[in-house]
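Let's work through some exercises together.

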Amino acid sequence: MAMSADPRFWQPDVTVATVVMDGGRVLCIEERIEGRLVINQPAGHLEPDESLLHAAVRETLEESGWTVELTGFIGSYLWKSAPRPGDADGRHFLRFAFAARPLAHDPARTLDDGIVSATWFTPAQLQAESARHRSPLVWQVVADCLAGQRFPLSAVRQIP
C-alpha cells in the first residue's frame with residue numbers, strides 16, 4: 001500500500017492486545033504468519049463501531065478460547081514494521097494493550113485462521129523466544145505489565 005502524498009490521509013492500523021496473567025504465566029498465541037510460527041498476545045484489529053475494550057475481550061476469545069475480564073489499561077504503542085514486498089514504507093500500528101484475568105476456557109472453540117495454539121509461557125520462557133515474537137510490541141507490552149504499569153479502564157473511552 002503506497003502512502004498518500006497528502007499526510008492528512010495517513011492512518012495506522014488500530015489494534016488491541018491483551019496480557020492475560022495467571023499463576024505467574026502469560027497467555028500467548030502461536031500463529032502462522034507468512035509460513036513462520038510466531039508468538040503474540042491475543043491481539044487483532046479494531047472493527048467498525050466497536051469499543052477498544054470490547055475488541056480486546058473479543059480478540060482474546062477468538063484467538064485463544066479464553067473469556068477474560070479486563071483489569072487495566074497498560075498503554076498505547078506506536079510501531080512501524082519493516083517494509084515488505086508491495087509495501088515500500090512498512091505499516092504503522094497503533095496498539096492499545098490491556099491487562100486481564102482469565103475467567104473461563106472453551107477448549108472446543110474453533111480459533112481464528114492461522115492460530116496454531118494458545119499457550120501459557122512464564123515471562124522467562126517468553127523472553128527466551130524473542131526471535132519468534134511477531135513484533136517488538138510482544139515483549140514491551142508484557143514487560144510494562146510486569147512492571148505494574150496500569151491505568152484505569154476509564155482512561156479508554158468511547159464517545160457515542
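Buried means under 20% relative accessible area, exposed means over 50%, and partly exposed is in between (1.4 Å probe, protein chains only). The model here is predicted, so local features need pLDDT of at least 70 and side-chain atom pairs count only at pLDDT 80 or more, while totals for chains, interfaces and linings use all residues. Residues are numbered from 1 along each chain as its sequence is written, and side-chain values use heavy atoms, with hydrogens and water left out.

**Exercise 1. Find where Glu34 and Asp49 sit, and decide whether each is buried or exposed.**

Step 1. Start with a general point: most residues other than glycine have a negative phi.

Step 2. Look at Glu34, which is not a glycine and yet has a positive phi of about 50 degrees. Its place is the loop between strand 2 (25-33) and strand 3 (36-40); strands (E, at least two residues) and helices (H or I, at least four) are DSSP runs, numbered from the N terminus. Glu34 has 63% relative accessibility, so it counts as exposed.

Step 3. Now turn to Asp49, also not a glycine, with a positive phi of about 60 degrees. You will find Asp49 in the loop between strand 4 (43-45) and helix 1 (52-64). Asp49 is exposed because its relative accessibility is 81%.

**Exercise 2. How many aromatic pairs does the whole structure hold, and what kind of pair do Phe73 and Phe96 make?**

Step 1. Rings of Phe, Tyr and Trp (its six-membered ring) pair if their centres lie within 6.5 Å; planes under 30 degrees apart count as stacked, over 60 as edge-to-face and the rest as tilted.

Step 2. Searching the whole structure gives five aromatic pairs. For Phe73 and Phe96, the ring centres are 6.4 Å apart and the planes are at 25 degrees, so this pair is stacked.

Step 3. Phe73 belongs to strand 5 (residues 66-80) and Phe96 to strand 6 (residues 92-105), so the pair ties together parts 23 residues apart in sequence. Phe73 is buried at 9% relative accessible area, and Phe96 is buried at 17%.

Step 4. Next come Trp79 and Phe93: with centres 5.8 Å apart and planes at 25 degrees, this pair is stacked. Trp79 lies in strand 5 and Phe93 in strand 6, so the pair ties together parts 14 residues apart in sequence. Trp79 counts as partly exposed at 23%, whereas Phe93 is buried at 16%.

Step 5. Finally, Phe73, Phe96, Phe98 and Phe151 form one aromatic cluster.
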